Amino acid sequence: MVGADRNTDGLAPDSPGFMVLEPGTTLRNGRYRLINRLGSGGMAAVWLAEDELLGRKVAVKLMSEVIAEEPAWLERFRREARVAAALSHPNLVDVYDFEPDAPRPYLVMAHVPAGTLAQRLEKDDVPEPRRLASELLAALAHMHANGVMHRDVKPSNVMLGADGAARLGDYGISRPRDAPAVTATGQVLGSARYMAPEVMSGEPSDERSDIYSCGVVLEEVLTGRPDPELAPLVERMTRDEPTERPDSARTLRRELERFEPSQPSVSDRTAPT
């Protein structure tokens, strides 16, 4: 194997299901060959990989071995795969494959090579705000129309393709509107900076919670870039009281369409919302 990235999430070599991840490691009987690690968190690590069967780059999200044996976390990971499989939209990251029974369960997703909005914000190189707003709202409208809430909209979960299009990804804490929670009562999941006040307080989230998170993302994008037409929409999206926010991403996107767009979004070119 090539390379020396021997990340094992802190497991000892004699731990059950021990698996060293390094460039050259293969999955699914050699189909997916890991190239380099793109990032990691408490729940999973994401690797760039080559799909040897189809000859394309993919992103592989491998569940941490530390939590792979925890039923609640494994159920979350399985649910992420089910949620992703039920959704198909040009402004969402596609999921191609899922292996729940490997020592480290994994998802195989589309690789979006241009990076994340978080990386672009760090470089002060952000996409055109209205196009970004339109595409994020299109993604949320599609999810909500299918009864799914994202629950973790933030810049690091917004992928930007070489075509400039935004794709919302990472469904790790997404769930159908009527699905029971799989975390302990009172446990709050998500990123505090982008979390709606009612979610921070431990109350149930709904579509307006996603709208709030999306609004905070757009607020960051608009910092230092005043937009007198988009700013009022963002202000309404980020109000503390859920009842004072718009309750529909689809309606918000239609409001946005009244403004003259600088260029068509990918969703306008390829699919209805």
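Let's start at a loop. P113 sits in the loop between β6, residues 106–110, and α3, residues 117–122. Is P113 buried or exposed? Its relative accessibility is 58%, so P113 counts as exposed. L160 is 47 residues away in sequence, and the two C-alpha atoms are 7.8 Å apart.

One caution before going on. This is a predicted model.

Now the overall picture. The protein has 273 residues, and 52% of them count as buried. It has 9 helices and 10 strands. Take the contacts with a sequence separation of 6 or more: 59% of them join residues 24 or more positions apart.

Next, helix packing. Two packed helices are described by the angle between their axes and the distance between the axes.

Partner one is α8. Helix α4 covers residues 129–145, and α8 covers residues 249–257. Their axes come within 8 Å and cross at roughly 155 degrees. That is over the 145-degree cut-off, so α4 is roughly antiparallel to α8. The crossing is left-handed. Who makes the contact? From α4 we have R130, A133, S134, L137, A138, L140, A141, H144 and A145. From α8 we have A249, R250, L252, R253 and L256. Sorted by class, that contact holds 9 nonpolar, 2 polar and 3 charged residues.

Partner two is α6. Here the angle is about 165 degrees, with the axes 11 Å apart. So α4 and α6 are also roughly antiparallel to each other. The hand of this crossing is right-handed. On the α4 side, the contact uses P129, L132, A133, L136, L137, L140 and H144. On the α6 side, it uses E207, D210, C214, V217, L218, V221 and L222. The class count is 11 nonpolar, 1 polar and 2 charged residues.

Let me pick one residue out of that list. V217 lies in helix α6. Its relative accessible area is 0%, so V217 is buried. What does V217 touch, beyond residues up to four places away in sequence? The answer is L117, L136, V153, K154, P155 and Y194. For Y194 there is a C-alpha distance too. V217 and Y194 are 23 residues apart along the chain, and their C-alpha atoms are separated by 7.3 Å.

In soluble globular proteins, nonpolar side chains tend to be buried together. In this model, the largest nonpolar core has 41 residues. Which of them touch the most other members? They are L132, L136, V158, L168, C214 and L218.

Set aside its neighbours within four places in sequence. V158 then contacts G115, T116, L117, L132, L136, A166, R167 and L168. There is also a second, separate core, with 14 residues, including M43, A68, V93 and A110.

To wrap up: α4 is roughly antiparallel to α8 and to α6. The hands are left-handed with α8 and right-handed with α6.

Note on methods: Residues numbered from 1 in each chain as written. Predicted model: local features only at pLDDT ≥ 70, side-chain atom pairs only at ≥ 80, totals over all residues. Heavy atoms only, no water. Axes fitted to C-alpha atoms, helices over the stretch in contact; angles between N-to-C directions. Helix = DSSP H or I, 4+ residues; strand = E, 2+ residues; numbered from the N terminus. Parallel < 35°, antiparallel > 145°, perpendicular 65-115°, else oblique. Left-handed = near helix turned anticlockwise from the far one by under 90°. Contact = heavy atoms within 4.5 Å. Nonpolar A, V, L, I, M, F, W, Y, C, P; charged D, E, K, R; others polar. Core = buried A, V, L, I, M, F, W, Y, C linked by side-chain atoms within 4.5 Å. Buried < 20%, exposed > 50% of the residue type's maximum accessible area, 1.4 Å probe, protein only.
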